[in-house]
Amino acid sequence: MSKVSLITGSSRGIGRSLAVMLGRDGGRIVVNYKQNEELAGEVVKEVEGAGGSAIAVQADIEDPAAIDRLFDAAKQEYGRLDYYVSNAAASSFKKVEDLQAHHLDRSYAMNVRAFVLGAQRAVRLMSGGGRIVALSSYGSIRVFPTYGNLGAAKAALEAWVRYMAVEWAHLGINVNAVNGGIIDSDSSDFYYGVEGMPPFEGVRPKIPKRRKGTVKEVADVVAFLLSDASEYVTGQTIVVDGGLSLVSPPFYADASAPLALEDADEG
């Protein structure tokens, strides 16, 4: 039987890549978007072209009532849910001293509350077991300029993953997170465009893989956590960052011979 997936924020980026990937397996996808109906429609067509089926549902998941409408639409269309992927995210990039109450409220509503409320609704539709995956980011375990509001929210999200995994394991529901590093996406471009931010090119040599990750590489890991192959994996956060979180000053990239690491020959 083909699987039914609900992916928040799936009109672009990682969510879009994952939706199309699951469509190739005949999956039935609930594509969620906030504003861009045209992009969401393109994803539906891509999923259908890949061999699956899909519906697009507008819902601003900062609003609990909109979350209910989103899951009501999934129930009405497909009657059940196998996979819930919490992918949508938003925050303000400011120094801690510059954050105001509405910045904190929005980050919590979008990144934490929406995930918890969505997971509660998802579980009710997973009568035969299922998978829940939350998209996190490397700011949950490391500190970067202006990233405190989002990083703290993602750290809370990873904690919720652990609690849910234990409470719902007996229902056959696995709950995990994927923590992405610097991924080649609109979000990454926006972050590195913040005034005063050091350019990415200064970061590149400090990443062991020497490049940004791709949205497909993150989606591949999410797809693994949704698959039968991950049956005994729950409550975990898998880091997909090209080794970035492993390194710290003094950096190999700043060392000289004989300590500096050479890039692989491209020829």
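Where is Pro250 found? Pro250 sits in the segment after strand E7 (237-240).

## Basis

This is a predicted model, in which local features need pLDDT of at least 70, side-chain atom pairs count only at pLDDT 80 or more, and totals for chains, interfaces and linings use all residues. Residues are numbered from 1 along each chain as its sequence is written, and side-chain values use heavy atoms, with hydrogens and water left out.

## Fold and dimensions

The chain has seven helices and seven strands. These are DSSP runs numbered from the N terminus: helices are H or I with at least four residues, strands are E with at least two. Along the sequence their order is β-α-β-α-β-α-β-α-β-α-β-α-α-β.

The C-alpha trace spans about 60 × 50 × 40 Å along its principal axes.

## Packing, surface and charge

Of the 267 residues, 49% are buried. Buried means under 20% relative accessible area, exposed means over 50%, and partly exposed lies in between (1.4 Å probe, protein chains only). A contact means heavy atoms within 4.5 Å. Among contacts between residues at least 6 apart in sequence, 74% join residues at least 24 apart.

The chain exposes about 13,600 Å², and carbon and sulfur atoms supply 52% of that area. Accessible areas come from the Shrake-Rupley method with a 1.4 Å probe; for residues, only the protein chains shown count as cover. There are 27 positive and 33 negative charges, and their mean positions are 4 Å apart. Lys and Arg count as positive, Asp and Glu as negative; His and the chain ends are not counted. Each charge is placed at NZ of Lys, CZ of Arg, CG of Asp or CD of Glu.

## Strand E6

Strand E6 covers residues 173-180. Eight of its eight residues are buried, so E6 is largely enclosed by the rest of the structure. Ile173, Val175, Ala177 and Asn179 point one way. Asn174, Asn176, Val178 and Gly180 point the other way.

E5 and E6 run parallel, joined by eight bridges. Two strands pair if DSSP finds at least two bridges between them. Across this pairing, Leu135 stands opposite Val178 in E6.

## Arg121

Arg121 belongs to helix H4 (residues 101-124). Its relative accessible area is 11%, so Arg121 is buried. Leaving aside residues up to four places away in sequence, Arg121 touches Asp68, Phe71 and Asp72. Tyr84 is 37 residues from Arg121 in sequence, and the C-alpha to C-alpha distance is 9.6 Å.

## Backbone details

Two peptide bonds to proline deserve a look. Pro249 and Pro250 are joined by a cis peptide bond, with omega about -5 degrees. The bond from Ala257 to Pro258 is also cis, with omega near 10 degrees. Pro258, too, is in the segment after E7.

Thr146 has a positive phi, near 70 degrees, in a residue other than glycine. Thr146 lies in the loop between strand E5 (130-137) and helix H5 (148-168). At 15% relative accessibility, Thr146 counts as buried.

Arg210 is another residue other than glycine with positive phi, near 65 degrees. The loop between helix H6 (186-191) and helix H7 (215-226) holds Arg210. Arg210 is partly exposed, at 24% relative accessible area.
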